[in-house]
Amino acid sequence: MAKKTGSMYKCSQCGYTQPKWLGRCPECGSWNTMEEYLIDPAAVSPAGRGSEQALKIKPVPLAAVKAAEDVRLMTQISEFDRVLGGGAMKRSAILIGGEPGIGKSTLLLQTAAHIAAGLHSSVLYVSGEESASQIKARADRLHLSTERIELLCTTRLEDTLTALDTLNPLFVIVDSIQTVYSVQAGVVPGTVNQLKYCANELIGWVKERDSVLIMTAHVTKEGLLAGPKSMEHMVDTVISFERSENEVRFLRAQKNRFGSVDELGIFAMTEQGLQPVQDPATLFLTNRRAEQPAGVACTAVFEGTRVFLVEIQALTVPAKATLNRIYSDKIESARISRIAAVLEKRIGLRFSDQDIYINVAGGIRLSESAIDTAIAAALYSARTDIAIPAKTMLTGELSLAGEIRPVPRLKQRIKTARSLGFTAIYAPQAEDGATAAASVKELVASLFAPASRRRSSGEADVSAE
């Protein structure tokens, strides 16, 4: 027969417990300090600390709750703080995922050093993948101060919980959560039960204290976080770590309960570790000495509060199979297919017999609707082999009717493009000297018609000779 859950009364001042409520604590003499706790005899603490006790929670008026202030911890790494929404929130859990070797451990070790040095507080770094000598060698190579950083190399959850109770650190790093296991959930790490159980215990410890927990996670071949999807619901912030073709790293929040998910952190991998890129406005533009080739278009995109000028590259070749294919890993393939269909329907340019290749210079992923016009121009340029004039920026959302619709914060996009030397700007509205294009037909007529006439006259001269 299962044991029933009972209750005890515990003094909030001295911790004295007894089975009945008393107005005055017999141990310390305090009045009205006895609080009721629930006791489940069947529940056993993972760290072997006896039966679990839970405070009986009672509802309180929301109007009486005071909003917490000064609850963010600055990591002293500007791009990391930007993605977190202005710093790491106390009593929060953060999950960072990325492919092996991308720099997760390097970023977290740098964060631990900055937190320990800036706040003069202890940091617990739990590693289940590397030895203590490997972590120390990385810290020395990056010239990081290791004062106030406590290192624990273990895969047992019980060891980690014991260290947490002993040290009570302000910042906790677990690298990685897939390596942690508990005897309460089996002996094989990385299983669904292990991940949920271990993550829940660590998150529960942090929620009761003014600490921050950061856990790293492996990713699948598709770039998704490995493990159960429910683990993403358990944490407060989910961050993905991506890399481009060069040494640039992108940090992007997929979920953030305390900030925006639109911010993008940009780092450069150097000998001193991951360094924030201070001026990324021109990072995704290609510097050319020769003329701009066909199939290249530039646009302005917003990532959080910053504007980036990016270059979209398109290539079309005759399809080698009965069906055309679209190759695009930085922009959603469905978006490319939709824009190609609009061009084919509205201006009669055929793409159904073409394989389409789309790339973004610098390797950044784009999802904003404001890039539609630039994609359409790049596809038209690639299909007709007519280059878009250099220093031309295009922005606008393309509808199925071929209309170019307005985009938010247009003035900021135009201002940034002007400051970077762009002389011709095509937008849905004639803002700040930009050329207005209400439809894709108007855009093609204004952008490509002069080049088409020059090309036709040039071909006529050649044939006459």
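1. Overall make-up. The protein contains ten helices and 24 strands, and of its 465 residues 45% are buried. Among the contacts with a separation of 6 or more, 64% are between residues 24 or more positions apart.

2. Confidence. The average pLDDT of the protein is 85, and 87% of the residues score at least 70. There are stretches that call for care: over residues 42-52 the pLDDT stays under 50, although the model has 23 contacts for them beyond four places in sequence. Residues 456-465 also have a pLDDT below 50, and this stretch has zero contacts in the model beyond near neighbours in sequence. Where pLDDT is low, the predicted coordinates should not be read in detail.

3. The nine-stranded sheet. Nine strands form an open sheet with mixed pairing, and their order is E9-E8-E10-E11-E7-E12-E13-E14-E15. Its edges are strand E9 (149-153) and strand E15 (273-276), each of which pairs on one side only. On average, and with direction ignored, neighbouring strands of this sheet are turned by 25° against each other.

4. Strand E8 (residues 123-127) and strand E10 (residues 171-175) run parallel and are joined by five bridges. As background, strands of a sheet pair through backbone hydrogen bonds, either parallel or antiparallel.

5. A hairpin and a further strand. Strand E16 (residues 296-303) and strand E17 (residues 306-318) run antiparallel and are joined by eight bridges, with Ala297 having Ile312 in E17 as its bridge partner. These two strands form a hairpin with two residues between them, and in the turn Gly304 has a positive phi of about 75°. E17 is also joined to strand E19 (residues 354-360), by seven bridges and again in an antiparallel arrangement; here Gln313 stands opposite Asn359 in E19.

6. Helix H5. This helix (residues 192-207) has 16 residues and reaches 22 Å from its first C-alpha to its last, close to the 22 Å expected at 1.5 Å a residue. Its buried residues are Gln194, Leu195, Cys198, Ala199, Leu202, Ile203, Trp205 and Val206. Seen down the axis of H5, these buried residues fall within an arc of 155°, so they line one face of the helix. The spacing can be understood from a general rule: an α-helix has 3.6 residues a turn, so residues three or four places apart point the same way.

7. Helix H7. The end C-alpha atoms of H7 (residues 333-346) are 20 Å apart, which agrees with the 20 Å that its 14 residues should span at 1.5 Å a residue. Buried in H7 are Arg335, Ile336, Ile339, Ala340, Val342 and Leu343, and they cover an arc of only 155° around the axis, which puts them on the same side of H7. Just after this helix, Gly348 takes a positive phi of about 75°.

Technical notes:
Residues numbered from 1 in each chain as written. Predicted model: local features only at pLDDT ≥ 70, side-chain atom pairs only at ≥ 80, totals over all residues. Heavy atoms only, no water. Helix = DSSP H or I, 4+ residues; strand = E, 2+ residues; numbered from the N terminus. Expected span 1.5 Å × (residues − 1). Buried < 20%, exposed > 50% of the residue type's maximum accessible area, 1.4 Å probe, protein only. Arc of directions from axis to C-beta. pLDDT = per-residue confidence, 0-100. Contact = heavy atoms within 4.5 Å. Pairing = 2+ DSSP bridges. Axes fitted to C-alpha atoms, helices over the stretch in contact; angles between N-to-C directions.
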